[in-house]
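Subject: Structure for your review

Dear colleague,

Please find the structure below, together with its sequence. My notes on what was found in it follow directly after.

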Amino acid sequence: MDYAAFLLSFDGRINRAKLWWTGLTIVCWMLLLCALMFAVAGAFGIARSKSFGFGTDDIFGILDPVSLRSLSSADVLPLCFKAVGTPLFLWVYVAASIKRLHDRDKSAW
C-alpha cells in the first residue's frame, strides 16, 4: 500500500476501517509533533508553555494579527509547530473524508 497516496490524495475510496486508521494516524502525528516541540524547547532552553493543542482557537490564532503582536518568546515555538502541523492534519483529514464520501457514492462537493 502506498501510504503517501492513501493519506494525501483525493482519488479513490476507503472503507470505515481505513477512515478510523487515518484518524488514528493523525492523532499519532499530533502526539509526535507535541513531543518533538517539547524536545526542541528543552534542548534550546526555551520556556515551555503549559499546554499545546490543535483546537480551533489555535488555528485562528495563527492568522490573527492582534494575537501575533502580543506573543511572548515562549509562544513562538508552539506557533511555528502549529503553523506546520495544522495544514498537514487538515489536508489528510479532508482527503480521507472525501474518499469516504466516494465510497458511499456521494460527491465531495
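I begin with the salt bridges, taking one to be a side-chain nitrogen of Lys or Arg within 4 Å of a carboxyl oxygen of Asp or Glu. On that rule, the count is 2 salt bridges. The model is a predicted one, in which local features need pLDDT of at least 70 and side-chain atom pairs count only at pLDDT 80 or more, while totals for chains, interfaces and linings use all residues. Residues are numbered from 1 along each chain as its sequence is written, and side-chain values use heavy atoms, with hydrogens and water left out.

**Salt bridges**

Helices here are DSSP runs of H or I with at least four residues, strands are runs of E with at least two, and both are numbered from the N terminus. Asp 105 and Arg 13 are both exposed. For accessibility, buried means under 20% relative accessible area, exposed means over 50%, and partly exposed is in between (1.4 Å probe, protein chains only). Asp 105 has a relative accessible area of 62%. Its backbone also deserves a remark: Asp 105 is not a glycine, yet its phi is positive, at about 60°.

The side chains of Arg 100 and Asp 103 form a salt bridge as well, at 2.6 Å from N to O. Both residues lie in helix H5, 3 residues apart, which is about one turn of the helix. An α-helix has 3.6 residues a turn, so residues three or four places apart point the same way. Arg 100 counts as buried, at 15% relative accessibility, whereas Asp 103 is partly exposed, with a relative accessible area of 30%.

**Aromatic pairs**

Rings of Phe, Tyr and Trp (its six-membered ring) are paired if their centres lie within 6.5 Å; planes under 30 degrees apart count as stacked, over 60 as edge-to-face and the rest as tilted. A search of the whole structure gives 2 aromatic pairs. One of them consists of Phe 10 and Trp 91, which are edge-to-face, with 5.0 Å centre to centre and 65° between the planes. This pair links distant parts of the chain, since Phe 10 is in the loop between H1 and H2 and Trp 91 is in helix H5, 81 residues apart. Phe 10 is partly exposed at 26% relative accessibility, and Trp 91 is partly exposed at 44%.

**Helices and their contacts**

The protein chain has 5 helices and 0 strands, and its elements run α-α-α-α-α from the N terminus on. The expected span of a helix is 1.5 Å times one less than its number of residues. For the 29 residues of H2 this gives 42 Å, and the end C-alpha atoms are 42 Å apart, which agrees. Buried residues in H2 include Thr 22, Ile 26, Leu 33, Met 37 and Ala 41. After H2 comes Gly 45, with a positive phi near 70°.

Leu 77, in helix H5, is buried, with a relative accessible area of 15%. Setting aside neighbours within four places in sequence, Leu 77 is in contact (heavy atoms within 4.5 Å) with Met 37, Val 40, Ala 41 and Ile 46. The C-alpha atoms of Leu 77 and Met 37 are separated by 7.4 Å, and the two residues are 40 residues apart along the chain.

Ala 5 lies in helix H1 and is partly exposed at 33% relative accessibility.

**The chain as a whole**

Of the 109 residues in the protein chain, 24% are buried. Among contacts in the protein chain with a separation of 6 or more, 71% are between residues 24 or more positions apart. The accessible surface, from the Shrake-Rupley method with a 1.4 Å probe and, for residues, only the protein chains shown as cover, comes to about 7,600 Å², of which 67% belongs to carbon and sulfur atoms.

Yours sincerely
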